[in-house]
Amino acid sequence: MELEELKSIWKSSIPSFQPKDEEEIATMLTRNSVSIIDKLKRSVWFELIFTLIIGIAFLIYALTLPGGALKWTSVSILGIYLVYSFFYIQKIMFLNRFNTASENIRENLTALIGTLSGYLNFYRRSYTLLYPVFFCLSLLFISIERGTEQFLDHLLKPLTLF
């Protein structure tokens, strides 16, 4: 009984696969890829180019500054931008390792999950390290310029802490 019902449902249902005509396939082939990997690559390239442009601007700005905390902070920003550039290049290399086609779907998915996990760990590690390093460098340069006592007095004010 159930088998007959399943057969009738199977025969009466519209097939989910609808073949595409040649014109529709041709328009699909001419479009840009909407892959998430391609979007991530574009985003990382944009971040890299933006970082390089801002780094050049900071270099020009740092060269015009007199000595002091602001100059050393600007120089450290340049150093951080160099490290960020390295991280962006690493991200692009990680994203280039993603293989979207393979004969074995299970192996392909396992490899993609492993590569994505590595990419996310690298991304988390890079931002976990770089932001605190830059913050501490800025505090160090300010304390050197103001002097330790004046810096600590200013740092202990509630408004400064807020």
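**Exercise 1. List the buried residues of helix 3 in this predicted model.**

Solution. Buried means under 20% relative accessible area. Apply that cut-off along helix 3, residues 36–64. The residues that pass are Ile37, Val44, Leu48, Thr51, Gly55 and Ala62.

**Exercise 2. Classify Thr51 as buried or exposed, and find what its side chain reaches.**

Solution. Start with the location: Thr51 lies in helix 3. Next, take its relative accessible area, 8%. The cut-off for buried is under 20%. Thr51 is therefore buried. Now follow the side chain. It reaches the backbone oxygen of Glu47 at 2.7 Å.

**Exercise 3. Decide whether Trp45 is buried, partly exposed or exposed, then name the surface patch that includes Trp45.**

Solution. Trp45 also belongs to helix 3. Its relative accessibility is 45%. Partly exposed runs between the buried limit of 20% and the exposed limit of 50%. Trp45 therefore counts as partly exposed. Trp45, Ile49 and Ile53 make a nonpolar surface patch of about 320 Å².

**Exercise 4. Check the span of helix 3 against its number of residues.**

Solution. Count the residues: helix 3 has 29.

**Exercise 5. Which elements have the lowest and the highest mean pLDDT?**

Solution. Begin with the whole protein. The average pLDDT is 76, and 81% of the residues score at least 70. Then go by element. Helix 2 (residues 22–30) has the lowest mean, 70. Helix 3 has the highest, 85. Finally, a reading rule: where pLDDT is low, predicted coordinates should not be read in detail.

Technical notes
Residues are numbered from 1 along each chain as its sequence is written. This is a predicted model: local features need pLDDT of at least 70, side-chain atom pairs count only at pLDDT 80 or more; totals for chains, interfaces and linings use all residues. Side-chain values use heavy atoms; hydrogens and water are left out. Patches are made of residues with over 30% relative accessible area and no salt bridge: like charges are joined within 9 Å, nonpolar side chains (Val, Leu, Ile, Met, Phe, Trp, Tyr) within 5 Å. Accessible areas come from the Shrake-Rupley method with a 1.4 Å probe; for residues, only the protein chains shown count as cover. A salt bridge is a side-chain nitrogen of Lys or Arg within 4 Å of a carboxyl oxygen of Asp or Glu. Helices (H or I, at least four residues) and strands (E, at least two) are DSSP runs, numbered from the N terminus. Buried means under 20% relative accessible area, exposed over 50%, partly exposed in between (1.4 Å probe, protein chains only). pLDDT is the predictor's confidence in each residue, from 0 to 100. The expected span of a helix is 1.5 Å times one less than its number of residues. A polar contact is a pair of N or O atoms within 3.5 Å; within protein, one must be able to donate a hydrogen and the other to accept it, and residues adjacent in sequence count only if both atoms are side-chain atoms.
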